[in-house]
Amino acid sequence: MGLEMVNVHKTYVTRGLRKDILRGASAFFARGERVGILGRNGSGKSTLVRLLGGIEAPTKGLIKRNMTISWPIGMAAGFQHTLSGADNARFIARIYGRPIQETVDFVEDFAELGEYMRMPMMTYSSGMRSRLALAVSLAIDFDCYLVDEALAVGDTRFGRAFAERIERSGLILVSHSPALVRKLCTRAAVLDQGQITFYDDIDEALATYHAL
């Protein structure tokens, strides 16, 4: 049981110009494991996150999901920005079959948005959107959490709660921070030139990344 990428290609065409982001990338993420994917700026990390989260479809290839996967938490993707934080929490609770009022109460208490909880997300700062996304994700119990590098996991209430949750679940962290990958992950990969290369030894992955 897990998440599998099979020969995934992703190409964008803008103003007649073709840009290949992924070139036949394949990977398997087992349920419960914590994997860090390192990549330089422009390597396609954000595109990879959107593909794994189902926000975009591959140009070619398959992504097979046999476990529940969160939306990309650092991106606050999948939310309706014209709706309030409370309405978004209700909507997501319905999608995942969670008790609606219990979910809203948890999110309101954890995110600490105050009066903004009932205001449209378009009025939120980027930090407030990330807090809402993290609070809702913690209320759902996913098999695997998909996190981009925008999420700062430090010695805060949010960081500690998230670290406790991924100890019981899994994690796919897409980042350019070796320190964050070393802290949170047990396996690592490097995204470069449209390919994902996995390393069982995190030190080997970090050395490869530093050499890029």
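Me: Which helix does T103 lie in?
Reply: T103 lies in α3, residues 100-111. Helices here are DSSP runs of H or I with at least four residues, strands are E runs of at least two, and both are numbered from the N terminus. This is a predicted model: local features need pLDDT of at least 70, side-chain atom pairs count only at pLDDT 80 or more, and totals for chains, interfaces and linings use all residues. Residues are numbered from 1 along each chain as its sequence is written, and side-chain values use heavy atoms, with hydrogens and water left out.

Me: T103, buried or exposed?
Reply: T103 is buried, at a relative accessible area of 4%. Buried means under 20% relative accessible area, exposed over 50%, and partly exposed in between, with a 1.4 Å probe and protein chains only.

Me: And what does T103 touch?
Reply: A89, A93, R98 and A139, leaving aside residues up to four places away in sequence. Contact means heavy atoms within 4.5 Å.

Me: At what angle do α3 and α4 pack?
Reply: About 135°, with the axes of α3 and α4 (residues 126-140) 9 Å apart. That makes α3 oblique to α4. Axes are lines fitted to C-alpha atoms, for helices over the stretch in contact, and angles run from 0 to 180 degrees between N-to-C directions. Under 35 degrees counts as roughly parallel, over 145 as roughly antiparallel, 65 to 115 as roughly perpendicular, and the rest as oblique.

Me: Which residues make that contact?
Reply: From α3, T103, F106, V107, F110 and A111. From α4, R131, L132, A135, V136, L138 and A139.

Me: How many of the contact residues of α3 with α4 are nonpolar, polar and charged?
Reply: Nine nonpolar, one polar and one charged. Ala, Val, Leu, Ile, Met, Phe, Trp, Tyr, Cys and Pro count as nonpolar, Asp, Glu, Lys and Arg as charged, and the others, Gly among them, as polar.

Me: Switching to sheets. What is the order in the five-stranded one?
Reply: β5-β6-β3-β7-β8, an open sheet with mixed pairing. Two strands pair if DSSP finds at least two bridges between them. The edge strands are β5 (144-148) and β8 (195-199), each pairing on one side only. The twist averages 20° from one strand to the next.

Me: Why is β5 largely enclosed?
Reply: Five of the five residues of β5 are buried, so the rest of the structure largely encloses β5. C144, L146 and D148 point one way, and Y145 and V147 the other.

Me: How many bridges join β5 to β6?
Reply: Five, and β5 and β6 (residues 170-175) run parallel. D148 has V174 as its bridge partner in β6.

Me: What about the β7 and β8 end?
Reply: β7 (residues 187-192) and β8 are antiparallel, with five bridges. D192 stands opposite Q195 in β8. Helix α7 (residues 202-210) lies across β3 (34-38), β7 and β8, at about 20° to β7.

Me: Now the three-stranded sheet. What is the strand order?
Reply: β2-β1-β4, open, with antiparallel pairing. β2 (17-30) and β4 (60-65) each have a single partner strand, so one side of each has no neighbour in the sheet.

Me: How many bridges between β1 and β2?
Reply: 11, with β1 covering residues 2-14. E4 has F28 as its bridge partner in β2. Helix α1 (residues 45-52) packs on this sheet and touches β1, β2 and β4. The direction of α1 makes about 125° with that of β1.
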